[in-house]
Amino acid sequence: MLWDFATALTPVADADTPDAADFYAGLLAASAVEKFDVEGTPYTGIFAYDDVMSVAADTATFSNVRPDEGPRILPLESDPPQHSFFRGLISGGFASSRVAGIEAQVRPMAVEMVDAMVARGSAEFSQEFCYRYPTRVLCSFLGLPDEDWQFHHDWVAELERRTGHGLNAPTESLQEALAPIIPYMLQVVAERRTDLGEDVISDIIRNGSEAGLDDMAITFMGITIMMAGHVTTTSGLSNMVLRLAKDPQLQAFVREHPDRIPDFIEESLRLEAPQQNMPRWATVDTEVGGVPIAQGDNILVHFGSANVDPAHWPDADRFDIDRANKRHLAFGRGVHQCVGAPLARMEMRVALEELLARTSSITVAGDVQRITWPRMAVEEMPLALTAA
Ligand code: HEM
């Protein structure tokens with residue numbers, strides 16, 4: 001079956017949603033490189049594991065720099081050698097000692113939110129928890145007030161809507177979506193300049209001072225972290241909780257063996273990569289898998305498809321918590337491989353630990369709505385929760 005990309009952009013009822021392995025099976029068996037349009041914009045999709053690995057590694061041919069003049073989301077929208085400078089400004093914030101410090105701050109948040117839902121016995125889990133909790137984690141990480149989470153949730157959601165989950169080129173309407181956050185973040189940067197702390201904005205100011213990084217550049221790096229860390233983790237968590245709610249046996253196993261939560265997380269990320277693909281732009285005429293690509297072409301590298309390529313993964317479509325190979329591509333590959341992965345893994349683990357420990361059963365209690373591409377997520381998920 002060839003994936004109907006246009007339809008996949010529309011929320012679908014869960015029962016109608018093929019899983020990623022079904023979605024990509026036809027493409028992987030046929031050309032594994034496919035040209036298609038999304039709302040008039042042409043793309044070349046790269047789907048096979050080997051092709052995805054080589055495109056992600058070849059930053060000279062496949063650039064992360066958008067060809068337009070819009071503001072840059074850094075370090076994501078940069079290429080080597082500049083990329084390592086921008087990445088180096090933030091990477092220390094994701095060191096294990098720093099992530100452990102954030103864990104101590106966010107575990108009480110997870111407990112408080114889970115307890116409120118369990119006390120009620122039901123929740124619309126996607127909106128109530130999956131959207132809210134990662135935003136609160138990011139507020140902690142960036143050193144922002146916890147009560148500002150709704151503001152951040154709202155501007156990121158608006159940006160997602162206006163960019164078609166990142167697929168549409170930046171336009172004036174994108175600038176409008178960023179209008180509330182730019183002055184907010186500029187103010188935060190100004191305050192941090194006089195009072196540096198143990199947060200990632202302070203890291204950027206410290207590490208970027210010699211290079212003379214100005215306030216707007218620092219502002220955009222803060223914005224990048226909020227954007228890149230929010231909907232991805234939201235989506236991952238929502239996919240994981242839906243899987244548990246639909247599979248009582250798996251749920252009971254993971255509840256009884258909380259030490260296996262990290263394995264559960266990795267296999268979920270493999271089968272249902274929250275960010276199914278990421279864009280690249282061809283810097284020269286080239287080809288992938290025998291399919292010609294012209295200089296300037298828009299490319300979509302499908303990490304979600306590489307993760308279920310039967311040529312690489314035995315029983316690719318099977319959820320296997322014991323799978324030995326955990327080197328999935330949900331966090332990407334190459335120089336842009338997700339810098340936030342340690343934080344994401346920690347916050348998803350903490351959420352699942354608290355959710356499973358505080359319940360004896362989680363079941364689906366109404367209609368579920370999913371989106372599948374370019375993000376795979378559960379948008380609506382009514383759950384019944386029984387206290388432990
Ligand atoms: C489950 C959660 C997450 C997933 C699935 C995810 C996925 C990804 C992927 C696929 C890339 C590679 C992009 C590319 O190759 O073009 C990436 C990069 C990135 N991610 Fe994540 N991410 C997650 C969580 C986070 C978090 C929590 C943060 C920050 C707080 C974050 C910040 C970033 C940044 C800054 C980059 C750009 C890195 C670079 O260009 O060097 N991500 N992420």
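1. The second largest pocket of this predicted model has a volume of about 260 Å³. Its lining is made up of 15 residues, and those that lie nearest the centre of the pocket are Asp 19, Arg 243, Lys 246, Glu 272 and Arg 370. By class, the lining of this pocket divides into eight charged, four nonpolar and three polar residues. Helix H12, which runs over residues 215-246, supplies the largest share of the lining, namely four residues.

2. Sorted by class, seven of the lining residues of the second largest cavity are charged and two are polar, while none is nonpolar.

3. Which residue of the protein supplies a donor to the iron atom of the ligand? The single protein donor is the SG atom of Cys 338, which lies 2.3 Å away from the iron. As for its place in the chain, Cys 338 belongs to the loop that runs between helix H15 (303-306) and helix H16 (341-357).

4. The largest nonpolar core has 102 residues, and the residues with the most contacts inside this core are Tyr 24, Phe 125, Phe 129, Tyr 133, Phe 264 and Leu 352. Helix H12 gives the largest share of this core, with 13 residues. Apart from this core there lies another, of 19 residues, which includes Tyr 49, Met 278, Ile 299 and Phe 303. Phe 125 itself, when residues up to four places away in sequence are not counted, touches Met 117, Cys 130, Val 241, Leu 355, Met 381 and Leu 383.

5. Ser 235 also has its place in helix H12. Is this serine, Ser 235, buried or exposed? Ser 235 counts as buried because its relative accessibility is 0%, and the limit for that class is under 20%. Leaving aside neighbours within four places in sequence, Ser 235 is in contact with Pro 274, Arg 375, Met 376 and Ala 377. For a sense of distance, Ser 235 and Ala 324 are 89 residues apart in sequence and, from C-alpha to C-alpha, 24 Å apart in space.

6. Thr 135 is found in helix H7, which covers residues 132-142. With a relative accessible area of 0%, Thr 135 is buried. Setting aside residues up to four places away in sequence, Thr 135 touches Trp 149, His 152, His 153, Met 226 and His 230, and a reader viewing this site may wish to display those side chains together with the threonine.

7. Thr 44 sits in strand E3, made up of residues 41-46. The relative accessibility of Thr 44 is 2%, so this threonine counts as buried. Once its neighbours within four places in sequence are left aside, Thr 44 is in contact with Val 33, Glu 34 and Lys 35, and also with Ile 293, Asp 297, Asn 298, Ile 299 and Leu 300.

Note on methods: Residues numbered from 1 in each chain as written. Predicted model: local features only at pLDDT ≥ 70, side-chain atom pairs only at ≥ 80, totals over all residues. Heavy atoms only, no water. Donors = N, O, S within 2.8 Å, 3.2 Å for Na, K, Ca; no water. Helix = DSSP H or I, 4+ residues; strand = E, 2+ residues; numbered from the N terminus. 1 Å grid on protein atoms, 1.4 Å probe; cavity = no way out; pocket = protein on both sides within 12 Å on 5 of 7 lines; lining within 4 Å. Points joined across faces, edges and corners; volume = space filled by probe spheres on them. Nonpolar A, V, L, I, M, F, W, Y, C, P; charged D, E, K, R; others polar. Core = buried A, V, L, I, M, F, W, Y, C linked by side-chain atoms within 4.5 Å. Buried < 20%, exposed > 50% of the residue type's maximum accessible area, 1.4 Å probe, protein only. Contact = heavy atoms within 4.5 Å.
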